[in-house]
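I opened the notebook today to go through the charged pairs, the contact between the chains, a helix packing and a few backbone angles. The entries below follow the order in which I looked things up.

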Amino acid sequence: MIEVGKYSIVSLQEAVESAKEMLRIQDTTEFDGFLLRKADEAMRHIGDATTYAKRACTVDIVDGRARLPMGFIRLLGARMSDSNGNCFDQPYLDLAFLTDCGCENVASTNNGFNNSFEIQEGYIVFHVPSDLETDKMRIAYISRTVDEDGLMLMSERHERGIEAYLCYQFTVSFFENYPVNIRQEYQRTWKNQKQHLKGMSQRERFEENKRQIGALLNAWITSDRNDR
Amino acid sequence: MADEGGIFTDESRYDVGTMLTVLNAARAFAITEMYRKNTRVHPNFIQRVYPEYKKNLQQDDCYTLFEIPRTVEINDKMDGLMYVGSIKGDEAFWKVRTRMQLSSRRNHRIHKLAQKKHIHFLYDTTRGYLEIYDPKVKYPLVEGIFEDPTSVPQFSFDHDEYPITNDAMKRIEDLVRRGTIVDSMRMPINKISNSQEDSNIQRDVQTK
């Protein structure tokens, strides 16, 4: 089965325009802000596997604090280097990421917690900012799939679900203008689409990992340990 | 006005100005009625305005003010402004209904973001101004349904047609006839000039 639209990223504004046409309010821009907000909310609410991504970026450290990037969920690793390019102080360890810069020994030698940091209110906060030898750090992290403004990125396949959510929310907001069965129809479409999208992304994730899972199982089944 | 017993004299208020006001009101009513039925506005009703940038009108560096005529409120979602945007007509600005809404929207990150990415406007009906929240906008285009189509700056009595459709004309004729002319004919003539609404009393006296 070929599932299209996973990698075709479209703007949330496209779902807003579709919903406006459905609701027949295309002659005004008054509700564009409201609908855009709801579209972003819907994408976060779907939460299927395609709405998360592993990313890396360089952040500036100012006064011992580095602002986290948009969509940040979980830190995977942090890498800092001085002006000579020498890596140091790597308190969070993700070996593949730490050694990606070419410093092979970094994971074993400079990973002390002598200048650790923690995450507070959207910032990486260093415990001893005066000891820092750099004003930049490179981090790897799990993120929501957002654009540079923090708005969720939507793929083509999400459009129908988001459109239904927008229509549902709008008709609830203006309930006096829309009959109950219309509201329920939009709600039903939204629920079905959400389940469909989640199921589809799970299946794709499994397909992607199947080879690796198979290899692990084969190794386990055929290993010497099982012969004992 | 409605106590002349159907007799129209030079002193009647049925002059061109009054009738034009009645006509405009009936037109607005007909448009609202048609929108309720069809959920659309016929293009014939829409007029185009190129508001003039006046330097002495400006009050703030954050937005530009333009004078525009009053519009017809069609329903709770449509205030008669069908397009406010770039002069080419390819970029509609985002509408903010009230100053309160503008203020409260600044409390939400997505609205704040939208305000940065899209030009917003506010139609201040109390002053008759259009506030466009981008000081760079000097030549906007406005398309709308205006209360008095003849007061639109670029309207010419000689060259432009009154913005109306045949259907609406028939409806307006009915409305004006029923609401204004028939009402005046129903009322008996007031012969005594005493600034009193006493037409009925006079009729009763005459009958007796």
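Entry on salt bridges. I counted salt bridges over all chains of this predicted model, and the rule gives 23 of them. I then picked out one pair within chain A, in which Lys136(A) forms a salt bridge with Asp60(A), with the closest N and O atoms 2.8 Å apart. I looked up where the two partners sit: Lys136(A) belongs to strand S8 (residues 136-144) of chain A and Asp60(A) to strand S2 (residues 52-62) of chain A, so this pair ties together parts that are 76 residues apart in sequence. I note as background that side chains of opposite charge can pair when their charged atoms come close.

Entry on the interface. I turned next to chain A and chain B, where 22 residues of chain A are in contact with 23 residues of chain B. Between them the two chains bury about 1800 Å², and 54% of that area is on carbon and sulfur atoms. Across this interface I find four salt bridges by the rule, and I wrote down the one between the side chains of Asp40(A) and Arg109(B), at 3.4 Å from N to O. I also looked up the polar contacts between chain A and chain B, and the count is eight residue pairs, with both residues at pLDDT 80 or more. Which element gives the largest share of the side of chain A that touches chain B? I find that H2(A) does, with seven residues. By residue class, that side of chain A divides into seven nonpolar, six polar and nine charged residues.

Entry on helix packing. I followed helix H2 (residues 32-46) of chain A to helix H6 (residues 180-222) of chain A, and their axes come within 10 Å and cross at roughly 50°. Because of that angle I put H2(A) down as oblique to H6(A). On the H2(A) side the contact is made by Ala42(A), His45(A) and Ile46(A), and on the H6(A) side by Trp190(A), Lys194(A), Leu197(A) and Lys198(A). I sorted the residues of this contact into four nonpolar, one polar and two charged.

Entry on backbone angles. I checked phi for Arg24(A) and found it near 55°, a positive value in a residue other than glycine; Arg24(A) lies in the loop between helix H1 (12-23) and H2 of chain A. For Thr39(B), which is also a residue other than glycine, phi is positive and near 55°, and I located Thr39(B) in the loop between helix H1 (16-38) and strand S1 (47-49) of chain B.

Conventions:
Residues are numbered from 1 along each chain as its sequence is written. Chains are lettered from A and ligands numbered from 1 in the order in which they are written. This is a predicted model: local features need pLDDT of at least 70, side-chain atom pairs count only at pLDDT 80 or more; totals for chains, interfaces and linings use all residues. Side-chain values use heavy atoms; hydrogens and water are left out. Axes are lines fitted to C-alpha atoms, for helices over the stretch in contact, and angles run from 0 to 180 degrees between N-to-C directions. Helices (H or I, at least four residues) and strands (E, at least two) are DSSP runs, numbered from the N terminus. Angles under 35 degrees count as roughly parallel, over 145 as roughly antiparallel, 65 to 115 as roughly perpendicular and the rest as oblique. Contact means heavy atoms within 4.5 Å. Ala, Val, Leu, Ile, Met, Phe, Trp, Tyr, Cys and Pro count as nonpolar, Asp, Glu, Lys and Arg as charged, and the others, Gly among them, as polar. Buried area is the accessible area (1.4 Å probe) that two parts lose on being put together, summed over both. A polar contact is a pair of N or O atoms within 3.5 Å; within protein, one must be able to donate a hydrogen and the other to accept it, and residues adjacent in sequence count only if both atoms are side-chain atoms.
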